[in-house]
Amino acid sequence: LEPLVEQAQAGKIALFFVDAAHFVMLPFLGYLYSLTVRLIKAASGRKRFSVLGALNAVTKEVVTITDHGYINAVSVCALLQKLYDQFKHLPIVVIMDNARYQRCALVLEKAQALKIQIIFLPPYSPNLNLIERLWKFVKKKTLYNQYYPLYEQFHKAISNCLEQTGTTYKQDLDALLVTKFQSF
């Protein structure tokens, strides 16, 4: 990954870390300690808001595809097209994990047609995918110790947080999304 990051910093390639996050409308407790029983408001049901994101390794810009259900191979193809439309002036390299819907023939053919290079991370290595840190940050800012009575408020809070990654949360994310990877 380090040579790719160096090429991206030199402006030779556009490097993106891609992954999906599935935010479920459930209570997330940051901390709770009580000597008495406390009732905590929680939404009923298990509605989910899925976000497929591509994080630019240099600019920390986030390109997303959202769905109120599940992310699949068609969603990944739509994200690849969106990346190509925005960054076709540079060779595009995409780092993905080993999710089955990312390794399928449809996605590989779309990437080849758009001349996008895909690099798959080893299994069970989320520490190498920079966007995992972004998902953790979004959950902390929008879900921990928060109650949303309506699904619209829930997904709007997540969308707003993602939209503010380049403005309101830029300083926090610059410190969090560093391209230093642990090597053994």
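**A covered strand and a cavity**

Let's start with strand S2, which spans residues 48-56 and is mostly covered, with 8 of its 9 residues buried. Here, buried means under 20% relative accessible area. Keep in mind as you look around that this is a predicted model.

So who are the partners of S2? One is strand S1, residues 14-24: the two run antiparallel, and 9 bridges join them. To find this pairing in the structure, look for Val-24, which stands opposite Arg-48 in S2.

S2 also pairs with strand S3, residues 62-67, again in the antiparallel sense, this time over 6 bridges. A handy landmark here is Ser-50, which stands opposite Asp-67 in S3. S2 and S3 form a hairpin with 5 residues between the strands.

How many cavities of 30 Å³ or more does the structure hold? There is 1, and the largest cavity has a volume of about 90 Å³. Its lining draws on several stretches of the sequence you can look up: Met-25, Leu-26, Pro-27 and Phe-28 are among the lining residues, and so are Lys-41, Ala-42 and Ala-43. Further along, Leu-143, Gln-146, Tyr-147, Tyr-148 and Phe-154 also line this cavity.

What kinds of residues make up that lining, by class? The count is 10 nonpolar, 1 polar and 1 charged.

Notes. Residues are numbered from 1 along each chain as its sequence is written. This is a predicted model: local features need pLDDT of at least 70, side-chain atom pairs count only at pLDDT 80 or more; totals for chains, interfaces and linings use all residues. Side-chain values use heavy atoms; hydrogens and water are left out. On a 1 Å grid over the protein atoms alone, a cavity is a set of points where a 1.4 Å probe fits but cannot get out, and a pocket is an open set with protein on both sides within 12 Å along at least five of seven lines; lining residues have an atom within 4 Å of a point. Grid points are joined across faces, edges and corners, and a volume is the space filled by probe spheres set on the points. Ala, Val, Leu, Ile, Met, Phe, Trp, Tyr, Cys and Pro count as nonpolar, Asp, Glu, Lys and Arg as charged, and the others, Gly among them, as polar. Buried means under 20% relative accessible area, exposed over 50%, partly exposed in between (1.4 Å probe, protein chains only). Helices (H or I, at least four residues) and strands (E, at least two) are DSSP runs, numbered from the N terminus. Two strands pair if DSSP finds at least two bridges between them.
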